[in-house]
Amino acid sequence: MTIYENSRSMTSSTTPEWAWRVARHEEPAWRLSWLPHRLSREQARAGMELDELLSRRDLATDPTTQEQAEALADILGTTVQQATLLLHQRMHDRRHS
């Protein structure tokens, strides 16, 4: 799993979600494709990492992965369950558009 990052965007090697910078001189200035509000760069990165973790099959059986997911969700001010629901909805929307 790799997150490709530059000054304007973040993409994943394993998932279709992305983050982008929406403003140059304002903070928070980042958005995630699956969250509706602005984020700091750290939060956008955490969201990308969480997306990658939630796409792993071992999430349900690996306590370390679960802990990492919970910590990343906390940075975003959400829960793993809520993030999973939002990402599942995005996946559903992509399939039916």
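Modeller: Let's start with a term: a residue is buried under 20% relative accessible area, exposed over 50%, and partly exposed in between, using a 1.4 Å probe and protein chains only. Keep in mind that this is a predicted model, where local features need pLDDT of at least 70, side-chain atom pairs count only at pLDDT 80 or more, and totals for chains, interfaces and linings use all residues. Residues are numbered from 1 along each chain as its sequence is written, and side-chain values use heavy atoms, with hydrogens and water left out.

Colleague: Okay, which residues of α3 are buried, and which are exposed on the other side?

Modeller: Helices are DSSP runs of H or I with at least four residues, strands are runs of E with at least two, and both are numbered from the N terminus. In α3, V80, A83 and L87 are buried. They sit on the same side of α3 because their arc around the axis is only 65 degrees, taken from the directions from the helix axis to the C-beta atoms. Q81 and L85, on the other side of α3, are exposed.

Colleague: What covers the buried residues of α3?

Modeller: Contact means heavy atoms within 4.5 Å. The cover includes α1 (41-54) and α2 (63-76).
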